[in-house]
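Please open the model in your viewer, and keep the sequence panel beside it so that each selection can be followed in both.

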Number of protein chains: 4
Amino acid sequence: MGAASLIPEQVVAQHASRDSCWIIVHNKVYDITDFLDEHPGGSKIILLCPMLLYQCGYEPIHPPDMISSNLPRRSKPSASAAEKPETDEQKKRQLVLASRPPLDEILNLHDFEAVARAVLTDKAWAYYSSASDDELAIRENSVWFLPRILRDVTSVDWSTTILGQKSSLPIYISATALGKLGHPDGELNLTRAAAKHGIIQMIPTLASCSFDEIVDAAQPNQPLFLQLYVNRDREVTKKYVQHAEKRGVKGLFITVDAPQLGRREKDMRMRFVDDGAGAKVQEGQSGVKKDQGIARAISSFIDPSLAWKDIPWFRSITKMPIILKGVASPQDAIMALEAGVQGIVLSNHGGRQLDNSRSGLENLVDIVAALKTRGPWPNPSFSVFIDGGVRRASDVLKALALGASAVGVGRGFLYAFSAYGQEGVEKAIEILRDEFEMNMRLLGCRNLSELGPDMVDASALHTHAGLAPQDNLYAATYQPLRLAQFKEFKL
Amino acid sequence: MGAASLIPEQVVAQHASRDSCWIIVHNKVYDITDFLDEHPGGSKIILLCPMLLYQCGYEPIHPPDMISSNLPRRSKPSASAAEKPETDEQKKRQLVLASRPPLDEILNLHDFEAVARAVLTDKAWAYYSSASDDELAIRENSVWFLPRILRDVTSVDWSTTILGQKSSLPIYISATALGKLGHPDGELNLTRAAAKHGIIQMIPTLASCSFDEIVDAAQPNQPLFLQLYVNRDREVTKKYVQHAEKRGVKGLFITVDAPQLGRREKDMRMRFVDDGAGAKVQEGQSGVKKDQGIARAISSFIDPSLAWKDIPWFRSITKMPIILKGVASPQDAIMALEAGVQGIVLSNHGGRQLDNSRSGLENLVDIVAALKTRGPWPNPSFSVFIDGGVRRASDVLKALALGASAVGVGRGFLYAFSAYGQEGVEKAIEILRDEFEMNMRLLGCRNLSELGPDMVDASALHTHAGLAPQDNLYAATYQPLRLAQFKEFKL
Amino acid sequence: MGAASLIPEQVVAQHASRDSCWIIVHNKVYDITDFLDEHPGGSKIILLCPMLLYQCGYEPIHPPDMISSNLPRRSKPSASAAEKPETDEQKKRQLVLASRPPLDEILNLHDFEAVARAVLTDKAWAYYSSASDDELAIRENSVWFLPRILRDVTSVDWSTTILGQKSSLPIYISATALGKLGHPDGELNLTRAAAKHGIIQMIPTLASCSFDEIVDAAQPNQPLFLQLYVNRDREVTKKYVQHAEKRGVKGLFITVDAPQLGRREKDMRMRFVDDGAGAKVQEGQSGVKKDQGIARAISSFIDPSLAWKDIPWFRSITKMPIILKGVASPQDAIMALEAGVQGIVLSNHGGRQLDNSRSGLENLVDIVAALKTRGPWPNPSFSVFIDGGVRRASDVLKALALGASAVGVGRGFLYAFSAYGQEGVEKAIEILRDEFEMNMRLLGCRNLSELGPDMVDASALHTHAGLAPQDNLYAATYQPLRLAQFKEFKL
Amino acid sequence: MGAASLIPEQVVAQHASRDSCWIIVHNKVYDITDFLDEHPGGSKIILLCPMLLYQCGYEPIHPPDMISSNLPRRSKPSASAAEKPETDEQKKRQLVLASRPPLDEILNLHDFEAVARAVLTDKAWAYYSSASDDELAIRENSVWFLPRILRDVTSVDWSTTILGQKSSLPIYISATALGKLGHPDGELNLTRAAAKHGIIQMIPTLASCSFDEIVDAAQPNQPLFLQLYVNRDREVTKKYVQHAEKRGVKGLFITVDAPQLGRREKDMRMRFVDDGAGAKVQEGQSGVKKDQGIARAISSFIDPSLAWKDIPWFRSITKMPIILKGVASPQDAIMALEAGVQGIVLSNHGGRQLDNSRSGLENLVDIVAALKTRGPWPNPSFSVFIDGGVRRASDVLKALALGASAVGVGRGFLYAFSAYGQEGVEKAIEILRDEFEMNMRLLGCRNLSELGPDMVDASALHTHAGLAPQDNLYAATYQPLRLAQFKEFKL
């Protein structure tokens, strides 16, 4: 630990290959070469780790307990790594952080996004905010309210139960990856805020904090869900799921819309910024694959062969409710019902997977109609959730009116902790709570069971009239006609 | 009253709590601590009063007669308060006032809005102009005319009767709060102009002038309506309503879409401008509740338990026609009819309550259709009014063609007196009158009874094609994809 | 005529009232006081004449023959009027004129509009371009083509007959007022170009050139139509109509959508520009009525009592085909058919009358459907024309496919001669001819009878999806919500 | 060949008429006067050639083998032509080329367009990018996906056969003219890239490289299609088609939507840039026809009399599958089926022919519905292709889901080689391949036969809600209303 044992940062950087891979965790250097094959998320992501660390300027995105307790430690890195002087970007960042609007000035979830955009590194912002291809799938606002009047709304109650668990709001925290890109405490910000305000967090497979770290941070009996990317090696998955159940997780959300993670070009574009060597590969060197972005780099372990035939196997390894996350078509909704799972999440994966996918809200209308043909509705043993684009309690209430059981909020909370840590998440929950109170009163609903399809006008949903996606790249290249030009003259 | 009795402004400012509350009215200081509980609008608004005074730079927004005749006076405030030198903002304001376009250049109601925006303080503008949440409920312009030809339109008559009262135009002045934020004479500007031009003013519960002050300013037999926010203490409400009836008010418009006043973030945002101390509450001090805006501060007395069961009670305390203001759904329209009230106002409260509520115009089509199933139409004992977004006589005529009895105009007149006082309101009425004459002729209607649904094409209303709400905050945070970047080069 | 007889311009300007009215025509001063009551367009327009002259910098807008042969001449105005030095605006205008794009660079009718806008005085541009109120009625582009293939289109023929007169194109020149605001030769530019290219001009009642001047400029047997504003004094109208028939006019287009000319605020706004005295009327002097604009000033003679009962009278005074110009509703179309007139023009008066009127194209679909219920279609003795917003041959062909007999083009030619005189009109006709040839070939139509409703998709017309009117004044006053603000900081 | 034989460039330029026409090819001067009448594309295009050469700064756009082996050579042009110093524009171009983003930064086909726009001359860009008239026919993005889940998508296969030929992607390279405007190797870039990646190129009649040059560049057995503009002289066409068949071409795409090439004003406008002499033709010299643009100049040989009766003749001269390119209406689709051709291409010619034509995608829905009424579907002996606006694999998959056999991509590849030559095309194919892999997985399709109409929501297609064409010239000339103006003041 003395100065003699310091390893210069440049040396660490040289060990970034399959044959020799060192990483820096909590100011200590670990040799993880032998560990690469055992990594549940595949080896690629670890090889990318050093890069991620440097670009974030944060703690490692992977759970320290998992690494420090299992890995051969080399030594402390040299001072040049540990105490490297502040760069201009870091100085700017400090200044931006100090200039954040006071938390009390944050009035809505959009505000968090604006602050997060300013305080995040460009690469973290690109990863969080990117959607797929032309990013045509955006916020849906073509459902309109028909509020009711003259009902005593002195007390209104927007609490509910989600998969049998109490929730103070009809929302849950949806899984989003790599929380430490946004804040050193990563997903723990969510765990702690969820505990305090009685809502449920869905733990992501690709969390920056380890699963156990998150569960350890939770309060006793705090309900948690688990989002699962299914590994090509089913034993890894089985161990992961059964460990989760043993630790008390209350629902398993299997992601079914991501056999491969989407091309998110905003994220991919970031790989090239400030890359002086780029010119050299201009012609004929396309073997160099730097254009992948974070999303594709970390997802190679996901099993594209996952299919309906696997559902009974999942049923056999766990007693947790099983929810299929990422359903879009009415046929699949019915197949899910018949496969005996406990619910589905209608989602277009935050616009991050298949571009031009219809919003969960639009699919909800068709899917509820389809499910009604297969039995009583609402069905107490089959829940329909949606997520995507939620910024307001009103977005949630529209979905509930149209038949959803609850709504997942992902980026909203991600931006909240990126901007203000745990307090940001708490403030976001408080804002939504205020909005729920207000909206329930103005809708004339005393509790969520009074919401119904007669309180919304969803007739414009299918015409997409309220959803006019801007085709940004098309618009950026289209050159408008111009009129005949006058000759220049001076007065 | 001598110099010795002057109370420094700072001292007054210290008495702004529940335990000791002093205010400055007409350059005199009053101790209103004991009066707080008796205030018909609740005590909170009074505690906020001093703040409001300072921010408006105007007369107090509350009626001076009510206060000066009932309250213990302390003394005249010191010269520092009474004669404080002009600030830069006040100087700028004087300059702007002097630069207003001459009244004759005002061609339409939009012009008043533009002038009002320039002459109002930022906070007054924010209060007047704000709508709720994302402000998605905007002006409706998707109804189109099918005018008739070759009818003798030498004389056209757009006068009507509203709840049995004659009106020179098929509009009434809808209630808007806190008129003195806009002009020292507040609501009296409306009363006087209404008298001169034969239209009907609806007195707001939250007027800056006292009810009696307004009625006193009216001409003998000038018809007036009353807008009512129902107090949690029904005795206060009963006294208020019966006093109004005794003084000759001709109609009672009970607001039913505001059990709680909406979150108007433009208004709330204003609380933070130029607030140097903000930084201190950045993290963890969310106990400080400064983010309420004017609207929420003044509305705590409103009773959220108001319900259909209260209607017979209202019927029992007054013989005035009772109108429910703020109906949106066809079911509620039918319930109102069956409850025996004399009419309803279809309104989304100027976009200030539930965001994403359909416009009154769109609801009108469905509600008229529903009412037709319950009896003859038009129904002489049940009127349907609408308000919201009216800027043109054509907006009014579309509503009348679709079945409305008359249309309320709120902000249009509010901006008119904010910009030019009473003369502004008169000019606004004249402009509308000119537009009515023109439009009636061009529509081929000699009187309002000739208007009918065959003269409008409302088929686009439900697709919202003409109403493309800009989701401003979403657009402000969404970052478009960009194209591959060229390296920099110079010629 | 010597220097001694020169009358200073200022003296002429003083004689601009009902009691003494002098005007300058061809550098001569006339006293027209006694003539005021005999003017077919009412006296108001003459009182405005001097103003118009000065603002145009052109010849008088009224026919010199009518004046010089009938009026007492005072004298030549003084040199100060006749040879007043060039103002800065005039110099600028000369420069702009010299910089016009060469005529061969003009590729379409939009180009003419752009050039006209640059070379016209602000006031002339305002008069020509203005529409009514919020100018919501704009170009319609929501009809789509379904062209046919593999028809021999070596020769295509887009000629037609209009009310029995041959026309080389399926368009006619629609009436627009005050042509000398745009060019010294006014409407004669149209007459001469029409002769050269075999199309038909509709002479406007409010032409700057006299009716006879226009007819005299026409070739022998050149077909002309007449647009008629019906005078309150029917004898004036009768004389005018019968004179027209005697001089060979082939069709009478009675304007029925303008009992009063619309409020065109762009035009009205112009009255105030550079008006230093404006400030004086700011408060309380609204008696001064300067806010009328050109349109309203010249239209007071129009009879608002014109009605269906007058049609037989028109039939009795002329044998010309009678066309009702300005029909919008199916009921009126059927009434016109039953009244025995020879046709109708579906028009929203170029957006200049009732704002928010549906376009002629949209009304065409409904009206053709209605007429088909009353007899065989097409009906050889009843023509349906449309006008409004035509900039392309494709606009015309869409209308013909949907059932129109021909289409009127007004502003397109008005801008053409404002920009380049007669040659501009000829070029505009040539452009349209080229577009007709191209479009007929690409549509697979060898002649106009092959056009039919199966070649267009008009299903989007009623949803107005392609017609998204910008509500300019609303947008100019609406203040978007903004996000939480960072404190200022410097790097 | 010595210095003595050098011919000054100016002299060559003088020989540019019907009577004496010299051109410069590969630094040699040829007299092609006698050859003019034998040119398969008509003589006009050759007369325009020198102009085209100079404006492109490239090799001649016509195949050198055809010329050098058949023409009398004059001599080498003088040094002034051969070695003329670099102009400023050429220097700028070199700089821009050197600054292109490295090929690996290109993430999508939009990127190629942006680079092409920067590196092309203004005139080449105008020719490539222009569409007809108001350019209202733009990219269609109103079809939405309903992806399927839980299908094993480990291996997905997006290969197909097109007219019996294998293709590694469900696309083909559609014909676009004058490839050497974009890159010295012109269409050969496409031929070589197509060979390498197993896709099919359609050779354009108006290629810059000769037909044989292209076929010679192809690999043995590389499938090629031929696009045909039918010559007025059918013998020329017959020779061309039979030569193509002999050389192994596998499909004949007869263009049927271009009896005349469209007016592309962006292209036409370019003719006037930097043309100092323009002013001289301002008035009255409209005989000078410089306003044609490249498109119209080169298309005069196309036969507008082509008709259904010609189809049997084509059948008689070739055994290649015959495809009609440019079908829009369901009636014509059925006529094509009944005429015995092997397929149709639904196209609006890239928006370059009839403006306001519906997109191929929209027509596809109606045409597939019509074809289903005439027999089993899909029909193995009748293929339906579409082209136009393709920038993403998702655009292709939408079309296949709705019934298309394959999709043509034209400009996408044209821009790719304009920007980066053959490597650009290869990169474009790789990008599409990646997108196909991704989208197939995300759609849950293992091969193209699993795509079907239930996977897309095309209900918004007919309302054109997602297709809001900007009417650029209209918007550029429309002057918005403005509000009343304040007088100027200073603080």
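Select C:Leu346 and look across to β13(C), where C:Ile386 is the bridge partner of C:Leu346. As you do so, bear in mind that this is a predicted model. The pair belongs to a parallel arrangement in which strand β12 (residues 343-346) of chain C is joined by four bridges to strand β13 (residues 383-387) of chain C. Now widen the selection to the eight strands β7-β8-β9-β10-β11-β12-β13-β14 of chain C, which close into a barrel in that order with parallel pairing. In this sheet, neighbouring strands are turned against each other by 30° on average, direction ignored.

**Chain A: both sides of one strand**

Move to chain A, which has 18 helices and 15 strands, and in which 55% of the 491 residues count as buried. Of its contacts between residues at least 6 apart in sequence, 75% join residues at least 24 apart.

Select strand β14 (residues 406-409) of chain A.

Next, display the pairing partners of β14(A). Strand β7 (residues 171-173) of chain A runs parallel to β14(A) and is joined to it by three bridges, with A:Ile173 standing opposite A:Val409. Strand β13 (residues 383-387) of chain A also pairs with β14(A) in the parallel sense, over three bridges, and here A:Phe385 stands opposite A:Ala406. Follow the chain from β13(A) through helix α16 (residues 393-401) of chain A to β14(A), and you trace a right-handed β-α-β crossover.

For a contrasting selection, go to A:Arg247, in the loop between α10 (234-246) and β10 (251-255) of chain A. With 15 C-beta neighbours inside 10 Å, A:Arg247 counts as partly exposed.

In chain D, select strand β9 (residues 224-228), where five of the five residues are buried, so that the strand is largely enclosed by the rest of the structure. D:Leu224, D:Leu226 and D:Leu228 lie on one side of β9(D), and D:Phe225 and D:Gln227 on the other. Strand β8 (residues 200-203) of chain D pairs with β9(D) in the parallel sense over three bridges, D:Gln201 having D:Leu224 as its bridge partner, and the two strands form a right-handed β-α-β unit with helix α9 (residues 211-217) of chain D. β9(D) also pairs in the parallel sense with strand β10 (residues 251-255) of chain D, over four bridges, and D:Gln227 stands opposite D:Phe253.

Finish with helix α17 (residues 411-443) of chain D, whose 33 residues place its end C-alpha atoms only 26 Å apart, short of the 48 Å that a straight helix would reach. Where does α17(D) bend? Centre the view on D:Tyr420, at which α17(D) bends by about 140°. Of the 33 residues of α17(D), 28 are buried, so this helix is largely enclosed by the rest of the structure. The last stop is D:Gly444, which follows α17(D) and has a positive phi, near 75°.

Conventions. Residues are numbered from 1 along each chain as its sequence is written. Chains are lettered from A and ligands numbered from 1 in the order in which they are written. This is a predicted model: local features need pLDDT of at least 70, side-chain atom pairs count only at pLDDT 80 or more; totals for chains, interfaces and linings use all residues. A residue is buried if 20 or more other C-beta atoms lie within 10 Å of its own, exposed if 12 or fewer, and partly exposed in between; C-beta atoms are placed from the backbone. Two residues are in contact if their C-beta atoms, placed from the backbone, lie within 7 Å. The expected span of a helix is 1.5 Å times one less than its number of residues. The bend at a residue is the angle between axes fitted to the seven residues ending there and the seven starting there. Two strands pair if DSSP finds at least two bridges between them. Axes are lines fitted to C-alpha atoms, for helices over the stretch in contact, and angles run from 0 to 180 degrees between N-to-C directions. A crossover is right-handed if, with the strands pointing away from the viewer, the path from the first strand over the helix to the second runs clockwise.
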